[in-house]
Amino acid sequence: MDSAVDLEHGKCDCGVYAVEKIPCSHAIAAGTSDGLHISTLVCLVYSKDFLFAGYSENRYPCVGQQVEERTCFPPDVKRGPRRQKKSRWQSWLELSRMRGRKPRKQHMGLILGALFLQPSFLVRFEETDSLKDALGNEILKLKIADTMTVQPIDGWRFFVKGGKMDCVVDLEHGKCDCGVYAVEKIPCSHAIAAGTSAGLHISTLVCPVYSKDFLFAGYSENIYPCVGQQVEERTCFPPDVKRGPGRQKK
């Protein structure tokens, strides 16, 4: 609404300024256009000096008023029937997740076997968008596998219904009609459903090339250059790293 503002008497047609003694939006606009600071439009009862003046002297009871002499204790707080919650300081990561914000930087070691409840399979990633997509895909596989129905064909082959397509899974040769299992060497949702129905642990369906033992075996012996390859004898130094223009991070 359009309002007439009287800055001298602290009034406005909207009625807010006269009641709250704090300038309304109309008074702020009028004071700004007149070159006045907003703090000068607030009533003095809100000032720090006014508050200190109210408690500058001792306060005594009124004449004839009976005051009982007693010790004042804090009010009794009843404890609830359940176990009390433990309070602790939350980390910046927990606070960021509570506020719905993305943490600035995260690095974590991902144990692929932990995702399949087996520590013998180890892969290390840096948490980037690709890692989040990979984690999301693996978790999605487990959720989809729970909704599938499995019909055994023989000891190793199963017909799995559900998902985007019905597939025949061959757990012995690591194949599925969807093609994902044969390429990634990691069980797809159809293979997970088939292995679970057969009582197999999901870690046994992963190709051994992802195992920690397989990785260690690849570097267990010395690696030599190929026959006939000329290798220059020299001392290898780390590459020169140019320092950035800003202040270095600790």
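## A pair of strands

Val-150 sits across from Val-160, a residue of β4. Strand β3 covers residues 149-152 and strand β4 covers residues 157-161, and they pair in the antiparallel sense over 4 bridges. To count as paired, two strands need at least two bridges found by DSSP. The link from β3 to β4 is a hairpin of 4 residues. Strands here are DSSP runs of E with at least two residues, helices are runs of H or I with at least four, and both are numbered from the N terminus.

This is a predicted model, where local features need pLDDT of at least 70 and side-chain atom pairs count only at pLDDT 80 or more, while totals for chains, interfaces and linings use all residues. Residues are numbered from 1 along each chain as its sequence is written, and side-chain values use heavy atoms, with hydrogens and water left out.

How many disulfides does the structure hold? The count is 0, where a disulfide means a pair of cysteine sulfur atoms within 2.5 Å. Cys-14 is in none, and the nearest cysteine sulfur, in Cys-12, is 3.4 Å away. For Cys-167, the closest one belongs to Cys-176 at 4.1 Å, so that's too far for a bond.

Is Cys-167 buried or exposed? Cys-167 is buried, at 0% relative accessibility, while Cys-14 is partly exposed at 25%. Buried means under 20% relative accessible area, exposed over 50%, and partly exposed in between (1.4 Å probe, protein chains only).

## A serine in a loop

Ser-211 lies in the loop between α8 (189-197) and α9 (212-218). Ser-211 is buried, with 12% relative accessible area, and its side chain reaches the backbone oxygen of Pro-208 at 2.6 Å.

How values were computed
Polar contact = N/O pair within 3.5 Å; in protein donor to acceptor, adjacent residues only side chain to side chain.
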